[in-house]
Amino acid sequence: MIESHLPVYIPFTFLAFSLVIPLLAIWKDDWSQPVATAGAGGAALLSLYGVLTHAGSEPLRYYFGGWPPPVGIEFVYDGLSAFMLAVVNIVTFLVLIHSRKIRLAEFASKQMAFYSVVMLMMLGFNGMILTGDLFNMFVFLEIASLSGYALIAIGGKPAPVAAFRYLIIGTVGGSLYLLGVGFLYNVTGTLNMKDVADMLPLIAAERSLVTALILMAVGIGIKSALFPMHGWLPDSYTHASSTSSALIAPIGTKVAAYVLIRILLFTFGLEQINAVVPLTTILGLLACAGILYGSIMAIAQFELKRMLAYSSVAQIGYIILGFSLGSVLGLIGALLHVLNHAVMKACLFMVAANLRLQEGHSDIRRMDDSYRLKYPGTMAAFTLAALSMIGLPPLAGFFSKWYLALAVIEKSNWLFLVVLLVSSLLNAVYFFRILEKVYLKNPKIQETGAPPITPRQEPPASMLWPTLILGVMLLALGLGNVPIVNFLEGAAP
Amino acid sequence: MIESFTPLYAVICSLAAVPLIVLSSRRPNLREFWTILAALVKFGIVLSLLPHAAAGTTVTAKLFEIAPGVPLLLKADPLGVYFALIASGLWIFTSFYSIGYMRGAGEKKQTRYFAYFAICLSATMGIAFAGNLLTFVLFYEMLTLATYPLVVHKETQKAIDAGRQYLVYTLTAGVLLVAATGLTYIFTGTMDFKAGGIFRGTSLAPAVMISIFLLFLGGVAVKAGIMPVHSWLPTAMAAPTPVSALLHAVAVVKSGVFGVVRVVGFVIGPEAMSEFGLNDILFALAGFTIIMASLLAFRQENLKRRLAYSTVAHLSYIVLGASLITPLGMTGGIMHIAAHATMKITLFFCAGAIYVNLHREDIAELNGIAKVMPWTMGAFTIGAIGLAGIPPINGFLSKWFLAVGALEGGMILPVAILVLSGLLNIGYFFPIIRNAYFNEGEHLEGHTEASPFMVAPIVITAALSVLFGIFPNLFFGLFDLAGAIAAGLFAIK
Amino acid sequence: MIDFFLGHYSYWLTTLLLCIGLYGILFKRHLLKKMIGLSILQTSIIIFYVSIASKGGDATVPVKAAHLPVDNPDLYINPLPHTLMLTAIVVGVATLGVAFSLLMAIWNRYQTLDEQELLDKTQND
């Protein structure tokens, strides 16, 4: 019973909880966070169960209302969507646990709205991952996006401005995607992804296909912050609440990248695309530009969250570079990086949140080596995540970069290899800068007598433990990457 | 081939000591006890592998897979055991010496020092026993990370800058190594070290082979101190002397030249090296380094810096030996790994003892100290003579075989370089010895020999240098082992 | 040539509206005007879908009537794009709703809806 309805239970858990929270909140506002966390936890458990039981079997196709496609809408639960669901929901669960203490500091009066909207956003993301219908994708995309705009607006004073900017850019993106779907529908007469894929060889000569493809790619590209459409990202992340950043940064852009994978690889097929438009090359070059741009801009930042935002632009570049190569290795590298980056970035944003809570700021210039004594756990997690971002073995980040490097070498794409390697070094610059500040005593400060005893001021357990768990997960994901890779290999088209 | 977990135990026994060291930070004697115990246990384990290595059998520990089809492989082959023996053996002496040094100099953060030292030795064992390139890369990067806190130990501005330079060089090298490994895997389908070379018998375009070789070289050259990427070595002298002694005279730099030998003998292979003229490139770099570094040593006023440049020169003896592509040349190079280790560690120990005892670092300040520190200076003299290649110290033997190996290959130039370098060695060591013995000392009243913790290791390593020079097969059969390793690389038909 | 323009006039209209919408979004400084531009952009897409639903000739609204046989699809315009656009209109309205609440919040905090002034004011925050 659970098996066959699993694709529906997971997203609709979020829907149910998003409706329950406002009702409960009328009674007791404080209950929003635990209820939301419970909802996310339930979904995470179901997703994990799904991944573990699903591996290798046929895709599960759930027809809504019993209407078979192309008449009805379907949810497709195959290896790739199972994987994405697990990643997205588990990270969300940990982030929501982490938000327990932050909520009082950052949005105490708007808890109900915040958590309800988070649930809606997760519904949107889960729907995007599962759906097998192009228009349904648009609907869930907009659900997720609108919730995202609202979440970003719940932040500091300039947050609504950043949210408005994101709204404009994001809606343009969604509209372009919709226009692309329109062109595609015009030519194929169907909205079902699988149907379109089957039909494509027969109508390959149609020029509308090119238009559709480009419009859809650009539309989703805006959502996934593909260079040069990334401009909304840094501002949005900086002013939003730490929890929103931790949710939208690792998850939102990844889901959009996943949608690109679905459309380009599964629906259209890269060989067919490349016969008409050299999309692989274009995407690859844009991804490289994004990687370099993001890394360089990150070095120039002095505020931690903004630095992480630019770093995210670079990391999305890796993912898009990976799957744009069109090989199985490339796809594995990209998907592994989706997982690894989700964990790394969530951990890093949590660290930023911890520091903001305890220190009142996350300005890098003001960090000093007292942090080592005050926040040993948080900084340990930061170190693990930073080393993983740089790509040092045996942490997870090394392995996703390794598969990406192999994929790039396999295609003899030397420019991409150089970009991949150089960006690792650039990552090292902006992370080691912080590690130096935190772990080494600043020699410019004169020591007069014994240094004062700095007591531990770690953030509360509900914030510390998720951070540490994610940090340690990176070690486990690194050393244990082979089972994951084998699973992903089965998920490739 | 024997399957056993012994190589794994060798790697992790010092890792296991790390928590114990950290927990006993309040009780220095207990903490030091753990270090000594770990060193002895590690040496014991490696010693147990020696009979197998002498017989030519390999002890393999195949662990879980870290990439599909690529296991974490620890293979105790003759070369690995040779290197591991030297590193772990000298760690025992360094541990005793460290106790005397750190306490005498009143250094802070001793717990961090001893803990990271233990991790470094683990990484070194891992490098020695790595059975495939991916495992090698893993431990190589681990060594980089573990040595960083030791380089910046003093936390002065000089130390931090030295650490930064060290990181820039070694991380870049790491990235190049990863690229080279990826290329090897894609082009040959395997990453396992093979005596005679993975590339033996493959037919690849010269451009490809040369690029791969250059990338490998870039990866190991930094740690091996080949010019022009050697400059981190003298700068890293900002670290405490035991760090300089073990790591930069034994573990880190020897890992670098060990890497060179692995690349020349086990990845590219002597056949492919000569077929594509790669050995000429290597020879040119090695020869240049030997002469330039020896000349630059003259300009150094600081004792440790002079020793650093001497190290750079002598490391390239080993590289020279590898580039000769003759069995005797390779034997000479491998022998010099051990010879240089014992001699240089003696010299660095002496420099540290002088610093702790008399607070003197510059050569000009060393006037007359031989009267006050007779044992120290005696050992220093032995080490210096040995490095110059004068019998009966082990430095002479390795140099002899290098020269004979060159003649065996019909080359005169290497012999000329070796002779010239020997003269230069005498040239830059002589002023030190002359100042210490024949000049009038100042402000030396009341000073005696340094602490026995330091003097005993110094005397023992100097004595070992002499003993190994007269009886090269004493205790461990190192000479035979070196010969067997070299023969094994060339014997494949 | 004329044929090309006249034959595809719906697409040209769509493109024109899209460009007007984009112009509004990019070049107008007042946030409300940007919203109007966004709205126009969304409308252009709606018109595009509706236009591709028509079939020309006698096609009309799919309502069961005595004089319209059910077995000839050529007599009925395609209802699917219309239903899709109902959804899209709703999405557009929701977007407008969110946008306006954001604009109200911005107005309450900064007393201006001019982009340039907002940029200056938020620089310091």
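In this predicted model, 23 residues of chain A are in contact with 26 residues of chain C. Contact here means that the C-beta atoms of two residues, placed from the backbone, lie within 7 Å. On the side of chain A that touches chain C, two elements give two or more residues: α5 (134–153) and α6 (159–188) of chain A. The largest share, 13 residues, comes from α6(A). Helices (H or I, at least four residues) and strands (E, at least two) are DSSP runs, numbered from the N terminus. By class, this side of chain A has 16 nonpolar, 5 polar and 2 charged residues. Ala, Val, Leu, Ile, Met, Phe, Trp, Tyr, Cys and Pro count as nonpolar; Asp, Glu, Lys and Arg count as charged; the others, Gly among them, count as polar.

Now turn to chains B and A. Here 23 residues of chain B are in contact with 23 residues of chain A. Chain B brings a strand and two helices to this side: β2 (59–67), α5 (133–151) and α6 (157–188) each give two or more residues. The largest share comes from α6(B), with 12 residues. The class count for this side of chain B is 16 nonpolar, 4 polar and 3 charged residues.

How confident is the predictor? The complex gets an ipTM of 0.93 and a pTM of 0.88.

Residues are numbered from 1 along each chain as its sequence is written, and chains are lettered from A and ligands numbered from 1 in the order in which they are written. Local features need pLDDT of at least 70 and side-chain atom pairs count only at pLDDT 80 or more, while totals for chains, interfaces and linings use all residues.
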